[in-house]
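Hi,

Here is the structure I promised to pass on to you. Have it open while you read, and my notes on it follow below.

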Amino acid sequence: MTGSDTIAAISTPPGEGAIALVRISGANAIQTADKIFRGKEQPSKFASHVQHLGEIFSAENRLIDQALFSVHRAPASYTGEDLVEISCHGGTLVSAKVLEACLRAGARAARPGEFTERAFLNGKMDLTQAEAVIDLIRARTDLALRSATEQLEGRLGDQIRKIRDELIALLAHINASIDFPEEGIEPDEDETLCARLDAVRDEIAVLLATADQGRVLREGVRVVIYGATNAGKSSLLNRLLGYDRVIVSDTHGTTRDAIEETVNLEGVPIRLLDTAGLRASESELERTGIERTQKSLQLADLLLHIADRNSPKPAHFNSRKLSEFNGTMSDPNEIVILNKSDLPEDKDWKDFPALRISCVTEDGLPQLKEEILARIRQQNLRPESAIAINTRHRDCLRRALESCDRARTALGEGLSGEYVAVDLDQALRGVGEVIGVVDVEQILDSVFSQFCIGK
């Protein structure tokens with residue numbers, strides 16, 4: 001169990017609503033509820049997981065609200081501790097007053113993510129499942145939701161535990177050969193050890209290969225719209241979103257800063273960035289926006305380079321090379337778009353390989369969406385599996401794989417078992433950090449600080 005202090009927080013979002021949920025968890029959660037609840041019987045006498053209607057009173061014995069109380073006795077609760085849930089009316093003031101009553105009755109304000117942290121520390125879930133809670137809350141597509149749900153159910157944790165068990169067995173074998181040298185290890189056993197270690201390395205490598213897909217599920221594919229001023233960048237963003245998010249004007253330099261919105265394309269979250277138009281400018285404010293555009297281009301997964309087909313071709317387009325395979329621009333991370341297909345095309349663009357669209361008539365937009373998804377597939381960024389690791393998992397598994405590689409080299413070169421054991425122990429630690437089965441206090445804060453108060 002965690003410390004004996006009792007915590008409380010509002011677990012529903014701020015603002016007005018029908019119901020607000022206030023949670024109390026800890027050794028004295030039920031006693032705290034006894035101090036503020038008035039009803040037919042005290043919460044300490046409630047059966048577990050049954051709601052009771054009553055009234056909440058302040059320390060000054062003033063009525064705050066009518067509410068439903070339920071007691072979840074340890075260990076059968078979210079946190080693994082005694083937990084009380086109070087469903088009060090969802091006003092901003094009334095929920096704050098209920099929380100204040102809990103705090104004055106002996107609880108302390110919970111830190112962000114502390115309820116889920118306690119669930120982890122009390123063995124109710126491993127660290128991957130705890131992280132899945134925040135992924136579930138932030139999911140923006142069906143696949144992201146399914147990935148978070150399966151991770152919350154323990155699918156990723158099960159794979160990690162399997163790898164960890166295999167490493168423990170290997171390490172035990174190596175340690176046995178060190179502690180009992182008189183037993184000896186036959187050559188075929190060395191070959192077996194190498195084969196088993198290779199299998200572990202393959203399993204880790206498969207998980208590492210899902211890192212980019214995991215980033216896409218959690219953060220989205222970074223797609224930057226850029227080009228000269230008045231080419232139609234903001235209009236394109238509005239059309240892809242399906243509503244007018246950005247002001248559109250014929251005045252050059254209207255967009256001064258990057259504007260980001262997310263759209264769901266067939267289950268893939270796309271982070272669209274509309275950027276300041278590229279041109280020589282004497283305005284310091286506009287130059288700052290253009291500098292930010294350049295930085296956005298460097299971080300993009302995919303670029304949408306848009307130009308006005310009704311105007312002459314800019315000089316920088318003349319130096320671009322075509323792909324000999326499909327007659328398109330040669331950069332697989334960039335789609336060239338000629339906007340304003342509803343207007344006559346300037347002769348400079350004749351036979352120029354690009355997608356032609358109209359942000360006015362929406363002609364060509366379905367083809368553009370298909371091309372965006374095709375480019376994402378080419379980069380292996382489109383998530384096809386619900387199992388996808390996050391950045392922290394990737395760092396842990398990368399260290400584990402490097403340690404396994406060193407152990408494999410040591411085995412192949414016939415080095416002493418002590419060298420192999422050291423590397424396998426480091427690999428075991430890296431794998432264990434993913435699910436939090438080693439001393440990982442230094443990473444807990446970074447994991448749970450992402451949560452909201454009351455979760």
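Let's start with Glu81, which is buried, with a relative accessible area of 2%. (Buried means under 20% relative accessible area, exposed means over 50%, and partly exposed is in between, using a 1.4 Å probe and protein chains only.) Before going further, some ground rules: this is a predicted model, so local features need pLDDT of at least 70 and side-chain atom pairs count only at pLDDT 80 or more, while totals for chains, interfaces and linings use all residues. Residues are numbered from 1 along each chain as its sequence is written, and side-chain values use heavy atoms, with hydrogens and water left out.

**Salt bridges**

What does Glu81 meet in a salt bridge? Its partner is the side chain of Arg118, at 3.0 Å from N to O. (A salt bridge here is a side-chain nitrogen of Lys or Arg within 4 Å of a carboxyl oxygen of Asp or Glu.) The two come from distant parts of the chain: Arg118 is in helix H3 and Glu81 in the loop between S5 and S6, 37 residues apart. (Helices, H or I with at least four residues, and strands, E with at least two, are DSSP runs numbered from the N terminus.) Arg118 is buried too, at a relative accessible area of 3%.

Arg118 also meets Glu114 in a salt bridge, at 3.5 Å from N to O. Glu114 and Arg118 sit 4 residues apart in helix H3, so about one helical turn separates them. An α-helix has 3.6 residues a turn, so residues three or four places apart point the same way. Both Glu114 and Arg118 are buried. Zoom out and you'll find a network of salt bridges linking Asp5, Glu81, Arg108, Arg111, Glu114, Glu117 and Arg118.

Another one to look at is Arg161 with Asp126, where the closest N and O atoms are 2.9 Å apart. Arg161 lies in helix H6 (residues 155–179) and Asp126 in the loop between H3 and helix H4 (127–138), so this pair ties together parts that are 35 residues apart in sequence. Arg161 is partly exposed at 31% relative accessibility, whereas Asp126 is buried at 7%. The whole structure has 29 salt bridges.

**The sheet and its helices**

There's an open sheet of 7 strands, in the order S3-S4-S5-S6-S2-S1-S7, with mixed pairing. (Two strands pair if DSSP finds at least two bridges between them.) At the edges are S3 (37–38) and S7 (108–109), each pairing on one side only. S5 (residues 63–72) and S6 (residues 83–90) pair in the antiparallel sense over 5 bridges, and His72 stands opposite Leu83 in S6.

(Axes are lines fitted to C-alpha atoms, for helices over the stretch in contact, and angles run from 0 to 180 degrees between N-to-C directions; contact means heavy atoms within 4.5 Å.)

The chain averages a pLDDT of 83, and 82% of the residues score at least 70. (pLDDT is the predictor's confidence in each residue, from 0 to 100.) Residues 252–256 fall below 50, though this stretch has 19 contacts in the model beyond near neighbours in sequence. Residues 319–329 are also below 50, with 18 such contacts. Where pLDDT is low, the predicted coordinates should not be read in detail.

Cheers
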